[in-house]
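This briefing is intended to be read alongside the sequence and the three-dimensional view. It is arranged by topic.

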Amino acid sequence: MVRPRDLAARFEAYGDWRRRLSAGVSALHEWLAEQDLADAQIDLKVQRLLERLHQDKLVVAFVAEFSRGKSELINAIFFADFGQRLLPSAAGRTTMCPTELLYDATRPASIRLLPIETRLRDASVSEFKNYADEWVTIPLDLSSAEKMSEALGRVSQLKRVPVALARKYGLSDDQDIFAAVDTDGEGAVDIPCWRHAVINFPHPLLQQGLVILDTPGLNAIGTEPELTLNLLPNAHAVLFILAADAGVTKTDLEVWNRHLAGEDPSQKAGRIAILNKIDGLWDELKPEHEVVAEIDRQVATSASLLGLPPAQVYAVSAQKALLAKVNGDDALLAKSRLPVLEDALAGKLIPAKRDIVGAATHSEVRALAAGVRSILEARAAGIAEQLAEMRALRGKNQDVVEHMMDRIREEKDLFERGLQRYTALRTVFAEQTNRLLDYIGLDALRTNATRTRRQIEDSPFTRGVRGAMNDFFASIRADLAEAARQSSEIHDMMRAMYAQFAKEHGLDHFAPPPFSMLKYQKEIDRLERAYNQHFNTLWNMVSKAKFALMKRFFETVASRVKHVYDIANRDAESWLKAVMAPLETQVKEHHLQLRRRLESVKRIHRASGELEERVAELEQSDEALVAQMRALEAEVAAIDAIIEQNDALPIAANA
Ligand SMILES: Nc1nc2c(ncn2[C@@H]2O[C@H](COP(=O)(O)OP(=O)(O)OP(=O)(O)O)[C@@H](O)[C@H]2O)c(=O)[nH]1
Ligand SMILES: [Mg+2]
């Protein structure tokens, strides 16, 4: 067994931390349930928080022209413990379709392959992911290395089809998308059998939520919109691989500029370039320092050609690293320089991810606790008021008690009349909610997409497609703007309502949070920018297969937009609950308190001996409440402590 490497160890530590954090959140939830303080809204929030912690993914994409050693590098970094080459890696084009490696415990170990024929249909790869029957699933036999590598070898499978059909798939055109494959006299061409592959494999790193994305070389990247519009922009890190002997070639630069250079400078931070195959520069006849100087020169040249700081370019030998790890040869491993790259990945990627997840959990737990605290405070205030009333009754005659009873009764009647306004508000709230959800509803989006699809079909030329897409985005923007207006109307109304209840009935002063659509608007802007950027390059690159490709691009954009809408809907629903629920709870609590107060005064009215007993009871409840608040703080502090905890890394990895 190979000693756990730095990256693997850190990743496992990160997984452990997430599990501890989940346990902390569950403990808080159990405590709330025990104390009868959890309601449906809290249950939902906790469930989502736990789901997010559980499903948290870290996506690392490997991108390069073909044969630069992407698959070999993945084998060396992540799968050396397996003792063999897991992914096929060979001279020439090997990986023929984008391949995701991940682990989903709800499925058996398998490789799932989406047939290339699906490119003729109006759906994106992410949509197809929802339908198991569209995929060819081959189970992985983990006990047989031979059968495993045979199954994984499917990502290299090709088939021969007429050129015309390949064009329909958007795969072949006069610029020779598949220049490297043979065309025989009949006008046939070899194309990939599969459009996308998902390898479900219970590797410890994948089990922790790591997702590896292996991609095929240059043109294959451009023809699969799922990669350019979704998988690559959403990856947490993109590793761009070069070959040390060739340096940055023209096609490398094309891949880089077209898919990775990006306009967003913040994205560049997550980009790392790798100069692979440095073993090609090793030369026993030269002194060591000359070889090192040669490698350094290549790093500097590549960095400047890519416009990256040299510190973001790493020189390695994937093949020698894999060999060294398999044989436990530490000297060779050091010479391969892979540990330096792994350190950098572990040192940058995981802490950054941990900070984001920690901060998000921290603020959600805060919000949850604040809601519970305000209920407890309202109860404490009620008890304090009753206690004051009871103490004031000490030694008073029946008349005073009667008078007090009348006063409370009046207050209760007044409050119950106020409830009519609350009921009316609920009706208006429901109407406005429906309107808001209509604007960001999937029905509206579907109508818009159908219209755009028809426009593209009716006018499949640059101007027609452009116009249709502009309309598509414009209409989405208009809907989002309406939704923003509607949510701010709801916000104003609720704020006014809370202020009124606070003034008239002494309820807690609560400022409902506003709902911002900015996040979704920004994501739509990003999609439109990405679309425009790829539109021009593609339009110039492809001539015969344009139409098929444009349609497929549209479908991917549409499915990304749908994803944005799904999230917006979920967020809006949670927000609506968060805005309404405190009022509901407060109203209920207040009503209950008024009834309780009336009850106690009535009892005292009937038998004056009950007064001291009642005071003692109230004092006890007050103490219990104080204890509850303290326990709540302790639960929250325990979660904070987990967030701040240092990772318990094995000594080897900390060194
Ligand atoms: N000498 C040497 N060869 C390497 C190294 N890394 C990869 N190779 C070889 O380069 C060839 C291509 O490697 P792959 O891993 O298939 O490259 P890829 O980038 O995945 O290529 P595609 O899947 O075709 O896009 C294979 O024969 C590897 O063994 C290295 O560090 N040194
Ligand atoms: Mg490959």
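**Structural briefing**

Apart from its neighbours within four places in sequence, Ala-38 is in contact with His-29, Leu-32, Ala-33 and Asp-43. The model described here is predicted.

- Ala-38 is located in the loop that lies between helix H1 (6–34) and helix H2 (40–55).
- The relative accessible area of Ala-38 is 26%, so this residue counts as partly exposed, a class that lies between the limits of 20% and 50%.
- Ala-38 and Arg-112 are 74 residues apart along the chain, and their C-alpha atoms are separated by 41 Å.

**Magnesium site**

- Ser-71 (OG) and Thr-95 (OG1) coordinate the magnesium ion (ligand 2) at 2.0 to 2.1 Å.
- This pair links distant parts of the chain, with Ser-71 in helix H3 and Thr-95 in the loop between H3 and S2, 24 residues apart.
- Ser-71 and Thr-95 are both buried.

**The nine-stranded sheet**

- Nine strands form an open sheet with mixed pairing, in the order S4-S3-S8-S2-S9-S1-S10-S11-S12.
- Strand S4 (136–139) and strand S12 (313–315) are the edge strands, each pairing on one side only.
- On average, neighbouring strands of this sheet are turned by 20° against each other, direction ignored.
- Strand S2 (residues 99–102) and strand S8 (residues 194–200) run parallel and are joined by four bridges.
- Within S8, Val-198 is the bridge partner of Glu-100.

**Helix H13 and its cover**

- The buried residues in helix H13 (residues 318–327) are Ala-318, Ala-321, Leu-322, Ala-324 and Lys-325.
- These residues lie on the same side of H13 because they cover an arc of only 165° around the axis.
- The cover over the buried residues of H13 includes helix H3 (70–78), strand S11 (271–276), helix H14 (330–336) and helix H15 (338–393).
- Gly-328 follows H13 and has a positive phi, near 65°.

**Helices H20 and H21**

- Helix H20 (residues 546–606) and helix H21 (residues 610–644) have axes that come within 9 Å and cross at roughly 150°.
- H20 is therefore roughly antiparallel to H21, as angles over 145 degrees are assigned to that class.
- Ser-600, Arg-603 and Ile-604 of H20 make the contact with Glu-610, Leu-611, Arg-614 and Glu-617 of H21.

Key:
Residues numbered from 1 in each chain as written. Chains lettered and ligands numbered in written order. Predicted model: local features only at pLDDT ≥ 70, side-chain atom pairs only at ≥ 80, totals over all residues. Heavy atoms only, no water. Pairing = 2+ DSSP bridges. Helix = DSSP H or I, 4+ residues; strand = E, 2+ residues; numbered from the N terminus. Axes fitted to C-alpha atoms, helices over the stretch in contact; angles between N-to-C directions. Buried < 20%, exposed > 50% of the residue type's maximum accessible area, 1.4 Å probe, protein only. Arc of directions from axis to C-beta. Contact = heavy atoms within 4.5 Å. Donors = N, O, S within 2.8 Å, 3.2 Å for Na, K, Ca; no water. Parallel < 35°, antiparallel > 145°, perpendicular 65-115°, else oblique.
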